[in-house]
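Thank you all for making time this morning.

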Amino acid sequence: MGTDGRYRRIWNQVSIIPPGKVASYGQIAQLAGIPRGARMVGRALGRAPAELKLPWHRVLNAQGRIALPAGSRGFRRQQEQLQQEGIEVTSGRVDLSRFEWRPTLDELVWGPRMLGASDPSSDSGP
């Protein structure tokens, strides 16, 4: 499978991270079936079409830190979006023991729409 197919799998996983939860780049790679693909997740998010309205802000590094340079516009935007969802961010870091997404098998198989959540494609996004 080419890069496009892997990117689609990554985008699908990111799209189902629920509000108020975060995932690491590595976790998303594993869920997308791309072991050791954390860097690819970053590239895929950077190349995601805007119309997908992915909750990119819910993806952090393995230590729960915002991966963008501290003080940058992107860093501030990500921090604000996380805080708007009730996620506490301290010095660019999120407590993964409190906010890490631990998907159920149903979430992974059926996605949020089958579980009664709103359709993420109809969300105006953060």
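When I speak of accessible area, I mean the area that comes from the Shrake-Rupley method with a 1.4 Å probe. In those terms the protein chain exposes about 7500 Å², and carbon and sulfur atoms supply 49% of it. Please keep in mind that this is a predicted model.

Of the 126 residues in the protein chain, 36% are buried, and the secondary structure comes to six helices and two strands, which follow the pattern α-β-α-α-β-α-α-α when read along the sequence. If we take the contacts with a separation of 6 or more, 61% of them are between residues 24 or more positions apart.

Let me turn to helix α3, which covers residues 38–46 and whose buried residues are Met 40, Val 41, Ala 44 and Leu 45. Seen down the axis of α3, these buried residues fall within an arc of 135°, so they line one face of the helix. In general, an α-helix has 3.6 residues a turn, so residues three or four places apart point the same way. On the other side of α3, Arg 39 and Gly 46 are exposed. And what covers the buried residues of α3? The cover includes α1 (3–15), α2 (25–31) and β2 (59–60).

Leu 105 has its place in helix α6, residues 105–114, and counts as exposed because its relative accessible area is 64%, where the cut-off for exposed is over 50%.

Definitions and conventions:
Residues numbered from 1 in each chain as written. Predicted model: local features only at pLDDT ≥ 70, side-chain atom pairs only at ≥ 80, totals over all residues. Heavy atoms only, no water. Buried < 20%, exposed > 50% of the residue type's maximum accessible area, 1.4 Å probe, protein only. Helix = DSSP H or I, 4+ residues; strand = E, 2+ residues; numbered from the N terminus. Arc of directions from axis to C-beta. Contact = heavy atoms within 4.5 Å.
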